[in-house]
Amino acid sequence: MTIEEAIKQRHSGIMSYGKFHGVENYLVMAGQKDDDLDERIGYYGEQLVLLAQALGLNTCWAGLSYRKVNEAYKIEKGEKLTCMIALGYGESQGVSHKIKTMEQVSNATSNSPSWFRKGVEAALLAPTAINQQKFSFFLQDQEGTKAGCKPKVLAKRGFSMVGYTKMDLGIAKLHFEIGAGKENFKWVVKNV
């Protein structure tokens, strides 16, 4: 199974939140405390999730719905536990969830390059905390492409009372890259 097929299969079978039981295998998602840790965890963690899905395993991001068992892992001083990823064989493939439209999360139009539209479509299939999809993608600097530069894409996160929008943005950015093809654009780097 390809990663693209894993994205589509994963979306058609995202596990419902709060319905885990018997989970014995999981990935502890932690790292050195840093402003971009949550986004990096989302980006690289989703690579593991898609690989597991491609290998026939079920996964689910768990940020709010797991119980900390201190003996099961060790977090060093200066590190932060961000979430867990449940890993194994599910009783079912889960259920599909409603997703936003391309217009709700991007500035894509019928005139936008197909790679940009495909990137947004792939991002819309990304799992997010309680399915909130608080991210957006903006194609910028089309004029730069005429001068031989790659077009730029700005990825932004929205606000949520639940949180996890930085992690969700990392997950969505990976999906966008897979759908759009990394060779077609450059990310706008923001100074925060």
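Student: Which side chain of opposite charge is nearest to Glu-177, and how far away is it?
Tutor: That is Lys-182, 4.0 Å away. Keep in mind that this is a predicted model. Glu-177 is buried, yet it has no salt bridge.

Student: Where is Glu-177 found?
Tutor: Glu-177 sits in helix α6, which covers residues 165-180.

Student: And what is Glu-177 in contact with, leaving aside its neighbours within four places in sequence?
Tutor: Four residues: Tyr-43, Lys-182, Phe-185 and Trp-187.

Student: Trp-187, okay. What stands opposite Trp-187?
Tutor: Val-153 does. Trp-187 belongs to strand β6, and β5 joins β6 through 2 bridges. Those two strands run parallel. The chain gets from β5 to β6 through helix α6, in a right-handed β-α-β crossover.

Student: How do β4 and β5 pair, parallel or antiparallel?
Tutor: Antiparallel, over 6 bridges. Strand β4 is residues 135-140 and strand β5 is residues 152-157. As an example, Phe-135 has Arg-157 in β5 as its bridge partner.

Student: Back to Val-153. What is Val-153 in contact with, apart from its neighbours within four places in sequence?
Tutor: Quite a list. Among them are Trp-115, Phe-116, Phe-137, Phe-176 and Trp-187.

Student: New topic: the largest nonpolar core. How many residues, and which touch the most other members?
Tutor: It has 19 residues. Trp-115, Phe-116, Val-120, Phe-135, Phe-137, Val-153 and Phe-176 touch the most other members. At least two residues come from each of α3, α4, β4, β5 and α6.

Student: Which element gives the largest share of this core?
Tutor: Helix α4, with 5 residues. There is also a second, separate core of 10 residues, including Ile-41, Val-49, Ala-126 and Met-167.

Student: Now the loops. Which loop holds Ile-130, and what is its phi?
Tutor: Ile-130 is in the loop between α4 and β4. Its phi is positive, about 40°, although Ile-130 is not a glycine.

Student: Is Ile-130 buried or partly exposed?
Tutor: Partly exposed, because its relative accessibility is 45%.

Student: And where does Tyr-164 lie?
Tutor: In the loop between β5 and α6. Tyr-164 has a positive phi too, near 65°, and is a residue other than glycine.

Student: How exposed is Tyr-164?
Tutor: Tyr-164 has a relative accessible area of 23%, so it counts as partly exposed. The cut-off for buried is under 20%.

Note on methods. Residues numbered from 1 in each chain as written. Predicted model: local features only at pLDDT ≥ 70, side-chain atom pairs only at ≥ 80, totals over all residues. Heavy atoms only, no water. Pairing = 2+ DSSP bridges. Helix = DSSP H or I, 4+ residues; strand = E, 2+ residues; numbered from the N terminus. Right-handed = clockwise from strand over helix to strand, strands pointing away. Buried < 20%, exposed > 50% of the residue type's maximum accessible area, 1.4 Å probe, protein only. Lys, Arg positive; Asp, Glu negative; His and termini not counted. Contact = heavy atoms within 4.5 Å. Core = buried A, V, L, I, M, F, W, Y, C linked by side-chain atoms within 4.5 Å.
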